[in-house]
Amino acid sequence: MTIPLPVFRLFLVLAALFLAGTPSRAQNIVVMVNGDPITDFDIEQRSKLDQLTTQKTPARQEVINTLIDERVKLKEGKKYGVDPGVSDINQSYEGMAQRMRISPDQLTKSLEVKGVRPETLKSRMKAEMVWTSLVRGRFKEKLLVGEKDVAQAVQAQTGDKLQIEGTEYKMQPIVLIVPRGSSQAFLETRHKEAEQYRSRIGSCEEANSLFRSTPNATIRDIVTKTTAELPEALRKVLDDTPIGHLTAPEMTKAGIEMVVLCSRKPTMIDTPKKREVREKMYQEKYEKTQKTYLEELRKAAMIEYRNR
């Protein structure tokens, strides 16, 4: 059906009036960044989020600058194909909720109570993900921290040893699957099976050959850990286990788990101080690099203020 021109014009007028009836401040464009608008609503939302996370009220211009930076970062990300999808952002959102020991729905509700839309937090998370990936990807070589530099820094600060003697363990986790809700009798049967396997296995090769063909059992890839990465109780168990043999069976959520110890040998491992210095030096390089990168992008960006 063809709409007569006068009626069509009336429709446009009514639509314009309807839009004009929406909150004007929320629709007010404050800044255009490479053609992407930042509205009063965006600024208000980010202000509330920042206040919630820092317990401080941010200055309006500070919030605007942050939003400009994020628009610039996202555009640069698209240029290099770094553009996380909805599922990636949701996964990060769920991860944050887990670290807070609440569900994603509870996180959403806690934000909404404070007047913050979950999309505001997700937008910030997306910008952070894009920027981290960009900086680390584009400046990988520049961000490398040389071992010589770390060694000199540690010795200059403390005079400590750079490495200490430790042990390197190579092992393969094994799981005898126990379905949820299994009877006590079934658990005892599986436990006896585990003990029988312990008496038969004498090497990692034997363990792989056996468990890769055993129904309702799985053997995982070799894991290498050093003394510094393992809790003391587990280190003692591994130290007491003969090479090629299985540790005592232990009941977990996955089933009955054991570890076959493939090798155990002395090694030199970083001191905690050396790791601390290396991480600090990397972070300093990262901050300096990302700051320069962002400054260059902002200079090249089209930033147009509409209303302050």
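Cys-204 is found in helix H10, where helices (H or I, at least four residues) and strands (E, at least two) are DSSP runs numbered from the N terminus. The model is a predicted one, in which local features need pLDDT of at least 70, side-chain atom pairs count only at pLDDT 80 or more, and totals for chains, interfaces and linings use all residues. Residues are numbered from 1 along each chain as its sequence is written, and side-chain values use heavy atoms, with hydrogens and water left out.

With a relative accessible area of 9%, Cys-204 is buried; buried means under 20% relative accessible area, exposed over 50%, and partly exposed in between (1.4 Å probe, protein chains only). Leaving aside neighbours within four places in sequence, Cys-204 is in contact with Gln-172, Gly-244, Val-260, Leu-261 and Cys-262, contact being defined as heavy atoms within 4.5 Å. The C-alpha atoms of Cys-204 and Gly-244 lie 5.4 Å apart in space, although the two residues are 40 apart in sequence.

The contact with Cys-262 is also a covalent one in the model: Cys-204 and Cys-262 form a disulfide, with their sulfur atoms 1.7 Å apart. A disulfide is here a pair of cysteine sulfur atoms within 2.5 Å, and the structure holds 1 of them. The pair links distant parts of the chain, since Cys-204 belongs to helix H10 (residues 204-211) and Cys-262 to strand S7 (residues 255-270), 58 residues apart. The torsion about the S-S bond is about -90°, so the disulfide is left-handed.

Ser-203 is placed in the loop between helix H9 (184-200) and H10. Ser-203 counts as buried, because its relative accessibility is 18%. The side chain of Ser-203 reaches the backbone nitrogen of Glu-206 at 3.1 Å. This is a polar contact, meaning a pair of N or O atoms within 3.5 Å; within protein, one must be able to donate a hydrogen and the other to accept it, and residues adjacent in sequence count only if both atoms are side-chain atoms. Beyond four places in sequence, Ser-203 is in contact with Gly-244 and Val-260, and both of these residues are also among the contacts of Cys-204.

Asn-216 is found in the loop between H10 and strand S4 (217-219). Asn-216 is exposed, with a relative accessible area of 54%, and has a positive phi of about 55° although it is not a glycine. Gln-55, in the loop between H3 and H4, likewise has a positive phi, near 65°. At 66% relative accessibility, Gln-55 counts as exposed.

S1 and S2 are antiparallel and joined by 4 bridges, with Ile-29 opposite Thr-39 in S2. Their hairpin has 2 residues between the strands, and Asn-34 in this hairpin takes a positive phi near 50°. Strand S1 (residues 29-33) also pairs with S8 in the antiparallel sense, over 3 bridges; Glu-304 in S8 is the bridge partner of Met-32.

For the whole protein chain, the secondary structure comes to 12 helices and 8 strands. Of its 308 residues, 34% are buried. Among contacts with a separation of 6 or more, 74% are between residues 24 or more positions apart. The mean pLDDT is 88, and 89% of the residues reach 70 or more, pLDDT being the predictor's confidence in each residue, from 0 to 100. Over residues 1-25, however, pLDDT stays under 50, and the model has 5 contacts beyond four places in sequence for this stretch.

Key
Pairing = 2+ DSSP bridges.
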